[in-house]
Every structure is written in structure tokens, then in C-alpha cells.
Amino acid sequence: MVLKRKENGKLRKKLSAIIAALVLTASAGVSSFAADSDTIGTAPAAPVAEQPAGGTATANNDATATHTSSGTVTDDNKSDSGFYAPKADLYGDILVKESGSTADYDTEHDKVFETKAGATLDFKATLNGKDVETQYTETLDNVKKAIDGNFFARMVGVTSDKLGAKGERINITDQLNSFLELEITPDSKLIFPTEISSYKLDAEDVDANGNKRVWYYIDETKSDVTGATKKIYMQLNFTNGSAYYKNNTPNIAREGAVTIDTYDDLAPFIVGPTAKLKDLNLLINGVKVADDAQPGDYTVKSVLNGSFVSNPAVGGYTWKTLSGFIGKKAEEKIEYKWTTVQETAQNDNLDGKDNIQPASDNNPWLTVRIPEPVKPPVPVNPDRPVVPVNPDRDPLQPTIPGTENEKPVTPEVKPEENTPVVPEKPEAPAQPEVKPNVPTKENSKVVKKSTVNKLPQMGVSTIAGATTAIGTVLAAASALTFRKRK
């Protein structure tokens, strides 16, 4: 029994050594575990923003979905460790109103905002990071699940409770940094301010004690609004007591800087309906419409990219060690990448896509329009009377005066002034009636020569009468001759 106990002891020792060797191999050097890494890192440079496609005149009011990356781990959106989705959308929109107006900003999803040459406008760019919340919470949940289901993690004493319920035990101070970079490209007839002080970022809230927190600020040294494309660089405003912060970002904090030591310290900015990342606003006042701007459409296009970087430490292990130990592949750090897409009615802000923006373009746009001038109506002669017309008159029914079928009365139309009056053509005089020449005792014997000569000059009725008279005279002459013979 004693021998068996010794053998079992040796076996346990060998098994422990094998397990330890496996742990060392899987962790890529477990002896170098440390809570604070000595590696010095900086935030990655802002990616070059691709310019949006040109505008079209095609209306686009259907709030076409522009969603691309929801912050959820998928096959094409997965970190090397498999713990988180590197990409997430930031939903953005550009709004406008007339300077000095008390009206709300126009989202322009239903129609194009109309203005005029020489007008002054105020613009507002909005940002909603609802998908960053998904990205943030899934990272914590996935790491907890991986730790609880990993045999080697239990062997070295790493359990999910070492992360804290909300990540309050995950130290993120090493390599911590974040930025947002917005590029605005307006039409040349929309004149944006060239002083960075005219661009105001609203990234402020208060903590539970009523203290002001300013999560991001505009870094004037990295911004440039003098060119055709306006570049606004927004820096995470934070502080902490880490060695990395003191050595690499000692002058980064401004008024209202937020103390960020742990993963949970980011929650007030990211998690919940009132989180400030759900309602970031950039105000740009005093945009001038050029005095020589002609009727037509003038578009403002924008692109925003952002990044968050950290090298978390959990239970004395760096992220590189932990991700290689329990993940699919070791990672140097956590890096979130954010890109804006146009806010639509399918998302929380309910703002909507630019009315003329093509469905293929995902970037926030805004278009203002100078309408064509209204043509004056054709003048009407005020002296010309209007002919009344009964619209209810039935054209198939007879016209009965005093009823609804009475025809419209056409009043006398006076001649226009200076119009010559054309005299009416006089009627031909009536012809006197010509009676037939009836023979009598006085005229029956002789037919005057003059009467016969005038026959061709007489009318048809006159000729007919004359013919009848001649016949009567001839008949009378024949009777007289007959009597003399007797």
C-alpha cells in the first residue's frame, strides 16, 4: 500500500508537470505573465477616408437599410482570438436649419431643404453608437464563457469572477486611447467656416454626483478646416495613474476629463439608453450659401472613422497571454474600429436618409436646394368682361330661360381703345314689284316696240308677264279677224 501511494504521488507529479508544460506551451511563455505590460504602443493612425460617390437626382425616400456591422461576432467580423467583433457601425446623420431660426433642425428624409443664394445656415452632425454597446458587452460575455469552459484556465486559477461582474476587475490602462475623425466635403457653393473654433462638439454629461464629464474634445492640433474637405479630429478625454499614461499621454486630458482605469469605467459612455455615445453632436454654425449660387442642388457629404485600443490585464495576465491561452489565437491588444453609416428610419434616431442620396451610398449626406424662380402669371385685360358660364348646364337638354339650363349670356363686347370702327355694309334697296301687262281695250291692239326691246334687260318674272300679255293680244286679234270674215 505504501508503494502504491508513492507511485500515485509520482504519477500525480508527472501529470502536473505535463499539464504545466501544456499550459506553458499554450500560453506562449506563461512565466512572463504580468499585470502591467512594458510594451509601449500608440493609437493607430486614422484611416484614409474614401470619398462618397457623386449625387444623383433620384429620390430615395424608402429609408434603405445601410447596416453593415452590428458589433456581433460573425464569420467575416471576428478577431483573431474569436472573442469580439472588431468592426461596429456608428449611425450618423446631417441636419440643417436657417441660422437664427427657432425651428428644429431638418432631417430632410422626406424632402430636400430649400434655401436661397446668400442665406446663412446651421448644420448639425449626429452620432449614435448603439452597435458599439453590442461590441462592448459581447467582448466581456465571450471572454467569461471561454474562461469558464477552459480546463487550463481553471488549472492556473483564472475564473470568470476575476473579471468582475461588469468588467470592473479588467485593467485597461495599458495602451489605452481612442479617437473619432470626421471628414466633411461640402459643395463649393456652401462655404463652411475656416476657423476650428466654429465647430462645437457636444460630448458632455454628468456623473452620479453631478460632476461634468467631457468624453471627447476637438483636438485643434490634429484638425484642419482650411481646405475643401474639413477634417475634425476628436480625442478621448481621459486620465489615470498608470505608467503608460504618464509616459505616453501626459498632456491628453482637458477640462472634464474622465478617469478610466477599468473596462467598466467605459460603461457610462457606451451602455444604456442615456449613454452619451448614443447622442454625440457636432454643431457647425454660420455656413454661407454663395451669393452667386444658382438654382439647383448643393450637397454636403461626410465620412467618420473611429478607433478604441487597449491591452487589458486580467488576473495578472496580459491580453496577449490570456487570448493565446483560452482563445483561438494570441492578440497583442483589443482594437475596435468604427465607421459611420447613414442613419435611417430603421434605427433609433429615426432621422432618415438624404432625400436624393443613392441607395448604394452609406455615408451621411445632406442636400440643400435653391428652387427655380416662380414665373409671373400672364396678365389679363381688366376691361375685358368675363362671360359667365353655368357649370351645371346639361348640353343635351333644351335651353329654358330662367332655369339651370339657361345658356350663358354673352354681354356686349366693347371695342378696344384706338381700334378703328369698320362701317357696316348697307343693305341692297328692295326691287319694286312688276305687274304683268294685262291687255285692255286701250292697249290690246298694239304692242309697243320699246317693250319688246327691253325684254333681255328684265328679270325672269317680268319676261314671264310680258309673254302672257303677248299671248293675250294675239288671241284678241285672231277673234277680231274671225268676226270681220263673217
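Predicted model: local features only at pLDDT ≥ 70, side-chain atom pairs only at ≥ 80, totals over all residues.
Strand 10 spans residues 230–236. Six of its seven residues are buried, so the strand is largely enclosed by the rest of the structure.

Strand 10 pairs with strand 4 in the antiparallel sense, over six bridges. Here phenylalanine 179 stands opposite glutamine 235. Strand 10 also pairs with strand 9, residues 216–218. That pairing is antiparallel too and runs over three bridges. Isoleucine 218 stands opposite methionine 234 in strand 10.

## Aromatic pairs

The structure holds 10 aromatic pairs. One of them joins phenylalanine 123 and phenylalanine 192. Phenylalanine 123 lies in strand 3 (residues 120–128). Phenylalanine 192 lies in the loop between strand 5 (190–191) and strand 6 (199–202). The two residues are 69 residues apart, and the pair links distant parts of the chain. Both phenylalanine 123 and phenylalanine 192 are buried.

Phenylalanine 179 and tyrosine 233 form another pair. The centres are 5.4 Å apart and the planes lie at 10 degrees, under the 30 degrees cut-off, so this pair is stacked. Phenylalanine 179 belongs to strand 4 and tyrosine 233 to strand 10, so the pair ties together parts that are 54 residues apart in sequence. Both phenylalanine 179 and tyrosine 233 are buried.

## A cluster and a charge over a ring

Tyr84, Phe308 and Tyr336 form one aromatic cluster. Elsewhere, a charged side chain meets a ring: lysine 97 lies over the face of tyrosine 105. The distance from the ring centre is 4.8 Å.

## Glutamine 175

Most residues other than glycine have a negative phi. Glutamine 175 has a positive phi of about 65 degrees, although it is not a glycine. Where is glutamine 175 found? It sits in the loop between helix 3 (151–155) and strand 4 (177–186).

Is glutamine 175 buried or exposed? Its relative accessibility is 7%. The cut-off for buried is under 20%, so glutamine 175 counts as buried.

## Helix 6

Helix 6 covers residues 319–326 and is mostly covered. Seven of its eight residues are buried. These are Trp319, Thr321, Leu322, Ser323, Gly324, Phe325 and Ile326.

Notes: Residues numbered from 1 in each chain as written. Heavy atoms only, no water. Helix = DSSP H or I, 4+ residues; strand = E, 2+ residues; numbered from the N terminus. Buried < 20%, exposed > 50% of the residue type's maximum accessible area, 1.4 Å probe, protein only. Pairing = 2+ DSSP bridges. Phe/Tyr/Trp six-rings, centres within 6.5 Å; stacked < 30°, edge-to-face > 60°. Lys NZ or Arg CZ within 6 Å of the ring centre and 35° of its normal.
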